[in-house]
Amino acid sequence: MRLDKFFSSQNLVSRKQIKSLLKQKAIAVNGSTDCKPEQKIDPQKDCITLFGKIVQYQEYIYIMLNKPQGVVSATNDRTHRTVLDLVPKELYRPGLFPAGRLDKDTTGLVLLTDDGELAHRILSPKNHVEKAYLARIDKEITQMDMMQFEQGMTLKDGFVCMPAQMRVVELCDNPLVEIILKEGKYHQIKRMVAALGGKVLSLKRIRMGGLTLDPQLEEGACKKILHKDVEKFL
Ligand code: URA
């Protein structure tokens with residue numbers, strides 16, 4: 001990889017800035033400041049420093065987003081803000097995309113990454129990665145409703161769902177329930193609740209696999225996640 005590409009891929013320094021940093025001798029490759037932008041480096045083996053500090057190479061980036069309502073899980077959209085519009089400049093990289101979709105009015109955990117292979121593993125229906133949601137429902141939830149979820153319910157259009165879990169978190173007129181799915185079909189929770197004769201009033205994804213939405217992360221905010229945490233997805 002070229003030295004200038006290395007810096008731009010890490011979103012640290014633009015290709016323009018690199019020339020002046022090289023002139024200032026702010027960049028060193030294996031201790032030598034005698035470097036050129038087009039110089040080839042091996043990001044896994046060479047020691048690259050910027051102002052004396054080692055630049056840790058990260059091949060891919062993983063970002064946890066707490067999606068607010070009104071934002072679409074797409075990379076571009078003519079009329080709505082997208083999840084990518086919420087990524088701060090310092091975390092942005094070309095090729096970022098949401099690994100999995102939430103409806104426009106659903107809030108909560110979205111993983112943004114440029115790692116296509118990991119996204120594929122998370123999204124592959126074969127892997128049955130669990131997703132947990134908190135849903136506010138407009139009707140009382142009965143034992144019978146929970147049993148239907150557990151047994152794998154049939155939706156109004158005839159689609160047979162995989163067994164899922166539902167438990168009541170807050171008992172009131174519009175109960176709050178936790179729902180755990182192992183699949184992710186279009187509007188799945190809304191359709192499952194409709195099959196019980198109810199309506200979802202609000203929906204938030206709180207977990208994907210073993211990775212839980214950081215409760216400190218405000219709606220609309222992003223944070224970079226470490227590779228060791230990314231493994232928790234699966
Ligand atoms: N189920 C839905 O109905 N909507 C979502 O956004 C996610 C799961």
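Author: Just so you know, this is a predicted model.

Reader: Nice! Which residues surround the ligand?
Author: They are L102, D103, T106, Y133, H187, Q188, I189, K190 and L203.

Reader: And which helix gives the most to that shell?
Author: Helix α5, spanning residues 188–195, with three residues.

Reader: What does the side chain of D103 do there, at what distance from the ligand?
Author: One of the polar side-chain atoms of D103 sits 2.7 Å from a ligand nitrogen. T106 also comes in with its side chain, where an N or O atom is 2.9 Å from an oxygen of the ligand. With H187 the backbone takes part: a polar backbone atom there is 3.3 Å from a ligand oxygen.

Reader: How much of the ligand does the protein cover?
Author: On its own the ligand has 240 Å² of accessible area, and the protein covers 95% of that.

Reader: Which pocket is that space?
Author: The ligand takes up the largest pocket.

Reader: Okay, and how many bridges link β1 and β2?
Author: Three bridges, in the antiparallel sense, with β2 covering residues 48–50. If you want a spot to look at, find A28: its bridge partner in β2 is T49.

Definitions and conventions: Residues numbered from 1 in each chain as written. Predicted model: local features only at pLDDT ≥ 70, side-chain atom pairs only at ≥ 80, totals over all residues. Heavy atoms only, no water. Near = heavy atom within 4 Å. Polar contact = N/O pair within 3.5 Å; in protein donor to acceptor, adjacent residues only side chain to side chain. Areas by Shrake-Rupley, 256 points an atom, 1.4 Å probe, with all protein chains shown as cover. 1 Å grid on protein atoms, 1.4 Å probe; cavity = no way out; pocket = protein on both sides within 12 Å on 5 of 7 lines; lining within 4 Å. Sits in = over half its atoms within 2 Å of the grid points. Helix = DSSP H or I, 4+ residues; strand = E, 2+ residues; numbered from the N terminus. Pairing = 2+ DSSP bridges.
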